[in-house]
Structure formats: structure tokens, C-alpha cells
Amino acid sequence: MEAAAQEKLVSVINEKFEDAIIEARMDKDFFTLIIKKEKIVDIIAHLYHHTATQFQYLTTLFAVHYPDQSQIAMVYQLHNLRTNQRIRLKIFLPADNPTTPTLTTVFSAANWMEREAYDFFGVIFQGHPNLKRILNVEDMLIFPMRKEYPLEDQTREDKNDLMFGR
Amino acid sequence: MEASADIAPKVIREEKQYSYLNLGPTHPATHGIFQNVLKMDGEVIVDSTPTIGYIHRAFEKLAEHRPYNQITPITDRMNYCSSPINNLGWHMTVEKLLGVQIPKRVQYLRVIIMELARITDHLVCNAVIGVDTGALTGFVYLFQQRELVYEIYEEICGARLTTNIGRIGGFERDFSPKAWEKINKFLNEFPVVLKEFENLLKRNRIFMDRTIGCGGISAERALNYSFSGVNLRAAGIDYDVRAMNPYSSYEDFDFIIPIGTNGDVYDRFMVRQEEMWQSLSIIKQAIAKLPEGPYHADVPEFYLPPKEDVYHNMEALIYHFKIVMGETDVPKGEVYHCVEGGNGELGFYLISDGGRQPFRLHLRRPCFIFYQAYPEIIKGSMLSDAILTMSSMNVIAGELDA
């Protein structure tokens with residue numbers, strides 16, 4: 001993304017949401033914006049409808065757990081298919097209570113992506129139409145992709161499978 | 001007469017009853033482990049609730065506990081109809097993180113393999129559309145050709161279905177003369193067969209009546225659902241990663257991106273069909289323009305040294321040990337790389353904290369994203385159309401559940 005386009009994008013966000021951008025930088029080939037968590041859905045909706053940006057394609061939506069900072073990052077990647085620009089927006093949520101509004105109001109595709117983020121990281125999306133586990137079993141108690149959960153411990157003794165070994 | 005008039009209103013007054021049908025998890029018509037609880041009004045689907053995750057294998061978690069070169073076999077198991085694309089997409093992601101310059105020859109060889117994989121992927125899907133509309137002939141006939149492609153894979157990497165093809169930085173060996181022979185054989189034989197298959201279905205009145213207007217989705221809805229690949233192009237949007245963000249020298253080749261108009265089963269079939277022709281053309285161009293040069297880049301930390309060097313050369317021994325034990329550190333960074341997989345934009349979001357394993361690897365699986373539109377697409381259609389819609393969207397369970 002060229003510098004002019006980056007400035008344009010930042011100004012589009014700033015004209016409606018002042019001080020929402022914490023940091024703007026290039027990450028390899030991706031223009032990355034770190035955003036204050038409160039306004040994320042409004043900003044994405046603004047970028048979706050604004051004639052100068054029109055980011056109308058949601059490429060990815062997923063969570064990352066940073067145990068050292070005790071934070072969960074939500075990463076949104078948007079794509080403008082007309083001008084072929086891609087941007088990445090990030091917000092950081094506290095790991096003990098990760099709550100953020102749902103993006104399903106803007107993108108239908110966010111439905112399962114958010115369910116996946118909930119399933120693996122426990123991020124609560126307020127206003128989501130059907131926030132329940134999607135890939136794991138429903139009676140699972142933990143959010144398995146968080147860093148505190150290791151892969152299955154091979155020395156476990158509470159499972160005893162004589163037929164197939166462990 | 002009066003007695004029957006008494007009975008008649010009673011029947012009408014009875015409340016409408018819906019029946020519930022469990023389609024799946026293991027139903028032969030769904031070509032994989034999918035469950036859909038269908039709310040049916042007679043044979044019309046009123047509503048459906050998909051359940052997924054039956055073959056979830058926690059790839060993203062597994063990847064956080066493996067060195068980079070050991071993640072390649074995991075990616076095989078996503079879209080197993082075109083696993084080389086997954087493998088090479090992953091290699092390119094790591095190369096992007098490392099900032100390695102890949103020789104032109106490797107890029108062209110990769111294009112050849114990826115296009116072969118695209119052909120097999122589309123071929124299976126289109127053949128299965130034929131099966132679900134009642135034409136088993138094309139399926140059996142095309143699978144012979146898929147076998148030829150699998151023999152090419154065998155010649156290049158030794159495996160057939162889950163290929164684990166290539167290495168980070170290139171290929172473990174150059175294509176052998178036998179491999180070239182097989183590729184040429186395939187290029188000679190396949191167009192004839194594909195043409196025959198096309199003649200079987202393309203203008204077949206029964207097939208057209210069955211598929212046109214079945215399982216359609218509008219371009220707006222497809223975009224809002226983040227469709228990609230054939231399903232999006234069939235709806236009329238010309239988004240192809242190969243053209244928008246060329247990787248592995250795709251900018252050197254001429255090809256057409258076919259698009260449909262209605263996004264229905266017939267359009268998807270036709271787009272896939274045309275893409276196979278385009279893939280054939282790309283392979284021919286790549287072979288014609290294939291440059292000379294090394295078949296791997298200079299990345300000693302990831303590319304295994306020749307075995308003789310390991311025995312006689314200290315450096316090579318160290319690198320060999322480090323690679324085999326998975327002890328190579330990588331630079332810190334965050335990269336997103338996407339390739340045009342069999343089903344659409346296959347993305348790898350890799351976060352490295354400088355360790356030996358990824359800090360986080362997110363896999364953008366196109367199937368997972370577009371399958372959520374399935375209830376909306378099949379609403380109001382017949383049960384048999386729902387099955388046809390699923391097979392024409394090419395929903396692959398391995399990619400869906402990861």
C-alpha cells in the first residue's frame with residue numbers, strides 16, 4: 001500500500017473517530033493499524049461504507065493470545081477488491097474478560113469466524129446471533145488455543161487405552 | 001354428503017407439521033462428514049442447522065508445537081484434493097517471513113505443480129457434480145486422468161494424496177526425465193478426455209435443466225459471506241489471487257479468469273471447467289518458458305544439505321542436525337500470505353516470536369468461510385438440490401474442520 005493511500009485511510013478514520021488509532025505501521029507488505037478496542041466495529045462499518053475506502057471484503061478474523069501481556073488480540077484483515085488494497089486492523093482485549101461487539105452486523109462471514117474465536121479463545125462477541133462452540137464439543141470447559149493449555153501431556157495416567165497404546 | 005362435509009374442514013384445521021431430517025453426519029451423498037439438521041415441509045427445506053467439527057484435528061494448536069518444516073505435512077490434510085497447493089502455499093509463507101529470494105526455475109516448477117493440483121481438484125468436483133445429477137460415467141472416466149496426475153506427484157515427491165511436496169526454499173530434487181515424460185503424457189491425453197467429459201454434460205439438456213437456477217447466490221451476498229475462488233467467480237466477481245496478488249511468478253503467464261452470472265450449480269461447473277483449460281494453458285506456458293537454474297534457493301537453515309556433504313563437511317553436518325532436530329530459529333515477524341487454492345483464497349497468517357515454532361498460525365480455509373452460507377442458499381429448495389449444491393460448492397471436510 002502506497003504512502004498516499006495510507007494517509008488517505010488514516011484521514012478517513014480520523015475525520016469521524018478522533019484518537020482511535022494507537023499505532024500505524026507497515027508489517028512486511030501489510031498496512032497495520034492498532035485501534036482502540038471500543039470503536040472497532042464502527043470503524044470497520046465506516047471503512048465499509050465510505051466512498052474513499054470501500055473495504056467490503058473480510059479476509060480473516062481471528063484471535064491471538066499473548067500470555068505475557070495477558071491480552072488477546074483480535075485481528076481483522078479487510079480487502080478492497082476494486083483497488084486491491086489490503087489492511088489489517090488490530091485490537092487488544094484483556095485476557096481475563098475479552099469482550100467486543102460483533103461484526104456480524106457488517107459482514108455475514110464474521111458469524112462463524114467469531115464462533116471460532118470464541119470456541120478457541122473465549123472471546124465474547126456481544127450481539128452475536130448464535131455464539132456457541134463450532135469445532136469443539138459443546139461441553140468442553142476450556143478455551144484450548146490459549147497458551148496455558150499444552151498439547152496433551154504424554155505422561156498422563158488417567159487415560160488407559162490397552163488396545164491401542166498411547 | 002353431509003357427513004363428508006363435516007370431515008373435510010377438520011383436516012384443513014389441523015396445524016401444519018414440519019418434519020426434521022438428519023442429513024449426515026455420515027451420509028454417502030454428502031461426500032464427507034457433515035451434519036445438517038433439516039426442517040422439512042414435505043420435500044422443501046424450510047431451515048437447516050449445520051454442525052461441523054467432526055474431523056477437527058487442531059492444526060492451529062499442533063502447528064504451535066512443531067518446527068517449521070514439520071508443519072508441511074499438516075497442511076496436506078486440509079484440502080486433500082489439491083494438497084500440493086497447501087504445501088507450496090505454506091513454503092511460500094515461511095519464505096516470505098525469512099525474506100528468501102526464490103530462483104525463477106523453482107517458481108515455474110511450482111506453478112506447474114499447483115496448476116496440476118488445481119486440475120485434479122476441479123476435476124473431482126465436476127465429476128462429483130455429474131454423479132449427483134445421475135451421470136456416473138464421467139466420474140469413472142475422469143478418475144483415470146486424476147491417476148495420471150498422481151503418478152506425476154509420485155515421480156516428483158514419492159507420495160500421491162498427502163504429498164508433502166517440496167521443501168522450504170525449493171524442491172528436494174529436480175524433476176526427473178520420467179516426471180517430464182509423465183507430464184507430457186498427461187498434457188497430451190487429458191485435453192481429449194476433458195473435451196469428451198465436457199460434451200457429456202455441458203449442453204446436455206437433462207443436466208442443464210437440473211443445474212441451472214439450482215443453489216444460486218447473488219454477488220452481493222457472496223461478497224458479504226467472503227466467498228472466494230470458484231464460488232465467488234461463478235457469482236460474477238472476478239477475484240482471483242493469482243491475478244490480484246501474483247505469487248510464484250504468476251504475473252509471467254497469460255490466463256483468463258472465467259466468471260459466471262447466477263452463481264448457481266451450472267455456473268460453478270462451467271467456471272471450473274474453463275479453469276481447467278486455463279490451467280492446462282498455464283502449464284504449457286510454464287514448460288515453454290522454463291528457465292535453467294538451481295532447483296532450490298540458498299537457505300541452509302531449512303534446506304537439507306546433500307548427504308555426501310553431511311559426512312564430509314562440518315557446516316553441512318551442523319545444518320543437517322539442526323533441521324532434523326527442528327532447532328532452527330527464525331526471525332521475528334508477522335506475515336500473511338495467500339494463494340489461490342482449489343476452493344479459493346487459502347491464507348496463512350504466521351506470527352513468529354523468534355523461536356523454533358510459530359507463535360501462532362492461523363489458517364484461512366475458504367471452505368470454512370463459505371460453508372456458513374449453505375443454510376441460506378438451500379432455504380426453500382428441494383432436498384436433492386441441497387445435496388447437489390453441497391457437492392458443487394466443493395466443501396472438503398478436511399479443510400472445513402482443519
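**Reading a two-chain predicted model**

Author: In this predicted model, 24 residues of chain A are in contact with 27 residues of chain B.

Reader: Which elements of chain A give two or more residues to the side that touches chain B?

Author: They are β3 (57-66) and α3 (110-121) of chain A. The largest share comes from β3(A), with six residues.

Reader: How do the residues on that side of chain A divide into nonpolar, polar and charged?

Author: Nonpolar residues number 14. Eight are polar and two are charged.

Reader: Now the sheet in chain A. In what order do the strands lie?

Author: The general idea comes before the case. Strands of a sheet pair through backbone hydrogen bonds, either parallel or antiparallel. Here five strands of chain A form an open sheet, ordered β1-β2-β5-β4-β3, and the pairing is mixed.

Reader: Which are the edge strands?

Author: β1 (21-27) and β3 of chain A. Each pairs on one side only. From one strand to the next, the twist averages 20°. So β3(A) is an edge strand and also gives the largest share of the side of chain A that touches chain B.

Reader: How many bridges join β4 to β5 in chain A, and do these strands run parallel or antiparallel?

Author: Ten bridges join them, and they run antiparallel. β4 covers residues 71-80 and β5 covers residues 85-94. For one pair, take Q77(A): its bridge partner in β5(A) is R88(A).

Reader: Which strands does α3(A) touch as it packs on the sheet?

Author: α3(A) touches β3 and β4 of chain A. Its direction makes about 10° with that of β3(A).

Reader: Turn to chain B. How many helices and strands are there?

Author: Chain B has 18 helices and six strands.

Reader: What radius of gyration does chain B have, and what would a compact globule have?

Author: Chain B has 24 Å. A compact globule with 402 residues would be near 21 Å, which agrees. Along its principal axes, the C-alpha trace spans about 105 × 45 × 30 Å.

Reader: What percentage of chain B counts as buried?

Author: 47% of its 402 residues. Among contacts in chain B between residues at least 6 apart in sequence, 70% join residues at least 24 apart.

Reader: What mean pLDDT does chain B have?

Author: Where pLDDT is low, the predicted coordinates should not be read in detail. In chain B the mean is 90, and 96% of residues reach 70 or more. The model scores ipTM 0.90 and pTM 0.91.

Methods
Residues numbered from 1 in each chain as written. Chains lettered and ligands numbered in written order. Predicted model: local features only at pLDDT ≥ 70, side-chain atom pairs only at ≥ 80, totals over all residues. Contact = placed C-beta atoms within 7 Å. Helix = DSSP H or I, 4+ residues; strand = E, 2+ residues; numbered from the N terminus. Nonpolar A, V, L, I, M, F, W, Y, C, P; charged D, E, K, R; others polar. Rg over C-alpha atoms; globule rule 2.2 N^0.38 Å. Buried ≥ 20, exposed ≤ 12 C-beta atoms within 10 Å, placed from the backbone. Pairing = 2+ DSSP bridges. Axes fitted to C-alpha atoms, helices over the stretch in contact; angles between N-to-C directions. pLDDT = per-residue confidence, 0-100.
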